[in-house]
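Please look through the sequence and the model shown below. The briefing that follows goes through them topic by topic.

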Number of protein chains: 2
Amino acid sequence: MSSPKNAIVLLSGGLDSATVLAHAVSEGFTCYCLSFDYGQTHKSELSYAAALARHLGAAEHRIAKLDLAVFGGSALTDRSIDVPDAAESGEGIPVTYVPARNTVFLAYALAWGEVLPAVDLFIGVNAVDFSGYPDCRPAFIEAFEAMANQATKAGIESNAFKIHAPLQYLSKADIIKKGVALGVDYAKTVSCYRLTEAGEACGRCDACTLRAQGFADAGIADPTHYVAS
Amino acid sequence: MSSPKNAIVLLSGGLDSATVLAHAVSEGFTCYCLSFDYGQTHKSELSYAAALARHLGAAEHRIAKLDLAVFGGSALTDRSIDVPDAAESGEGIPVTYVPARNTVFLAYALAWGEVLPAVDLFIGVNAVDFSGYPDCRPAFIEAFEAMANQATKAGIESNAFKIHAPLQYLSKADIIKKGVALGVDYAKTVSCYRLTEAGEACGRCDACTLRAQGFADAGIADPTHYVAS
C-alpha cells in the first residue's frame, strides 16, 4: 500500500462537490476541504459544507473569505440582480455566473496546496455545466493544471500538480448514483440559489431543476426539502 | 487613432508596478488599478498604491481584501516568521514568497476584466525575480494567459486576454530609467518589507537592497527615505 496522499477538495455544500469529496476519500486521499465566503447570497451553503466535511471523513475544512463582490456582475454576489426561474434563463452564459470563479477558487486551492503540501486538487465541475460556464470545460481544467505546474516550485521541479475533475463527463443522474454508492447522504447537500432560512429549496431555479431531474433520471428518491407550494 | 482600451493594472505601491502603470498609461490604455489587502505585514503599501494611481493618471483604483494568511506559510503574511536581512536570505525560494500569489492576483484581475470588460492585464514581474519566484517567470505568464483564454467567454470566443509583463526582461536599473523617462516619482513608491510607520525603509532587506542597487546602477539619485542608521 502506498502512503496516504493529501488532497485539496473544493467543497461548496452542493451535490456535486459532496460527491467529489466522497470519491477522493474512497481513493485513499487525506482530504483538506476548502469553501469560500465570497459574498454569495446563499451563504447557508457554508454550514452545509462544514457538516459534509465531517459526514464524509475530511481531515480538515477551512473557509476562505474572499471579495469577488467588489467587482459585481453576477446574480450570486450582486443583490441588485435577481436569480431567475429556470424557465426564464434563456441561452448562453447564465446571470448566476460569477466572474472567473473557478479560476479564483482553484488559485486558492493551489495556494493551500503549496503550504500543506498537497499536489492533488479536486473540483466538481461536470458535463451539465459545460454549455453555460467556460470555466467548467475540460479545456479549462487542462489549462489550469498546466499553469499550476509553471506557478509553483513543486510544479516546475516535477510537474506534480494534478487537477482532478472526476465528475467531468458524468450526467447529474450518474453523479447521484455514484454518490449514493459511496454513502453520500444528499439530504445534507444544498443546490438551491434561493434557499430559505429554514433550509428549504425553491424547486424552481436552474440549480433546483437540474438536481430534481437528476434524482428522477437516476430513479432515486429525491431527499431535498422543498418549500411547500 | 484607435479608441481607448481598458486595462487592469496590478499595483502594489512598489517601484515595479508603478512603472508598469506609467507604461500602460503611456500606451493609451484607460487603467483600472487593483491592489490587495492580503494580510501583508507591510500594509502601508496600500496607501502608496492609492496615491500612485492618482499621480500616474489611473481611471480607478480598487483594493480587494483577500485571505491568503488563512493558509500561512510566508513571512509576508505570517507574523511568526521574521523577514530576514538580504545577507541571511540564502539560495532558493525566499521565505517572503507568498503561496501562489501571482496566480491569485491575476485570477482577481481576470475577474474584474470580465466584468469591466478589459482583456489587457498588466503585471510588474521582472527578470530580477526569476531565480526565486516560480510565478514571476515568462513560462508562468504564458501559461496563465492560455488558461485565461479557456476560463472566460471573451477568451474562448476570440482568445482576447493578454497578460502584459512589460518589465519581464528588464533589470532593476532599466526599470528605473524607463520609469523616470515616463515621469514616475519614485519617492512615492515603497519596496521595503519592514517599512516603519513613518514611511522609512530599513535599507537592509532583500527588497531594499535590490532597489538601492538599481538606483546606483542606473546612475540616478535614490529618492527613498531610509531610517537613520
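Helices (H or I, at least four residues) and strands (E, at least two) are DSSP runs, numbered from the N terminus. With that naming, the elements of chain A run β-α-β-α-β-α-β-α-α-β-α-α from the N terminus on. The model is a predicted one, in which local features need pLDDT of at least 70, side-chain atom pairs count only at pLDDT 80 or more, and totals for chains, interfaces and linings use all residues. Residues are numbered from 1 along each chain as its sequence is written, while chains are lettered from A and ligands numbered from 1 in the order in which they are written.

**Chain A as a whole**

- Chain A has seven helices and five strands.
- A residue is called buried if 20 or more other C-beta atoms lie within 10 Å of its own, exposed if 12 or fewer, and partly exposed in between, with C-beta atoms placed from the backbone.
- Of the 229 residues in chain A, 51% are buried.
- Two residues are in contact if their C-beta atoms, placed from the backbone, lie within 7 Å.
- Among contacts in chain A between residues at least 6 apart in sequence, 69% join residues at least 24 apart.

**The sheet of chain A**

- Two strands pair if DSSP finds at least two bridges between them.
- Five strands of chain A form an open sheet with parallel pairing, in the order 3-2-1-4-5.
- Strand 3 and strand 5 (162-164) of chain A are the edge strands, and each pairs on one side only.
- Angles run from 0 to 180 degrees between N-to-C directions, and axes are lines fitted to C-alpha atoms, for helices over the stretch in contact.
- Strand 2 and strand 3 of chain A run parallel and are joined by six bridges.
- Asp37(A) has Lys65(A) in strand 3 of chain A as its bridge partner.
- Helix 1 of chain A packs on the sheet and touches strand 1 (5-10), strand 2 and strand 4 of chain A; the direction of helix 1 makes about 160° with that of strand 2 of chain A.

**Helix 2 of chain A**

- Which residues of helix 2 (residues 45-55) of chain A are buried? They are Glu45(A), Tyr48(A), Ala49(A), Leu52(A) and Ala53(A).
- These residues cover an arc of only 140° around the axis, so they lie on the same side of helix 2 of chain A; the arc is that of the directions from the helix axis to the C-beta atoms.
- An α-helix has 3.6 residues a turn, so residues three or four places apart point the same way.
- The buried residues of helix 2 of chain A pack against helix 1 (15-26), strand 2 (29-37) and strand 3 (60-65) of chain A.

**One residue: Leu121(A)**

- Leu121(A) sits in strand 4 (residues 120-122) of chain A.
- Leu121(A) counts as buried because it has 26 C-beta neighbours inside 10 Å.
- Leaving out residues up to four places away in sequence, Leu121(A) touches several residues, including Ile8(A), Leu106(A), Phe161(A) and Ile163(A).
- Leu121(A) and Ile163(A) are 42 residues apart along the chain, yet their C-alpha atoms are separated by 4.9 Å.

**The sheet of chain B**

- In chain B, five strands form an open sheet in the order 3-2-1-4-5, with parallel pairing.
- Strand 3 and strand 5 (162-164) of chain B stand at the edges with a single partner strand each, so one side of each has no neighbour in the sheet.
- Strand 1 (residues 5-10) and strand 4 (residues 120-122) of chain B run parallel and are joined by three bridges.
- Asp120(B), in strand 4 of chain B, is the bridge partner of Ala7(B).

**How the two chains meet**

- The contact takes 36 residues from chain A and 37 residues from chain B.
- On the side of chain B that touches chain A, strand 3 (60-65), helix 3 (101-115), helix 4 (138-151) and helix 5 (153-158) of chain B are the elements that give two or more residues.
- Helix 3 of chain B gives the largest share of that side, nine residues.
- The residues on that side of chain B divide into 24 nonpolar, six polar and seven charged; Ala, Val, Leu, Ile, Met, Phe, Trp, Tyr, Cys and Pro count as nonpolar, Asp, Glu, Lys and Arg as charged, and the others, Gly among them, as polar.

**Symmetry**

- Chain B is superposed on chain A (RMSD 0.0 Å) by a rotation of 180° with 0.0 Å of shift along its axis.
- That is the relation of a two-fold axis; copies are superposed by least squares on the C-alpha atoms of residues with pLDDT of at least 70 in both.
- Leu66(B) comes closest to the rotation axis of the residues of chain B, at 2.6 Å (C-alpha).
- The same surface serves both copies, as 97% of the contact residues of chain B recur in chain A.
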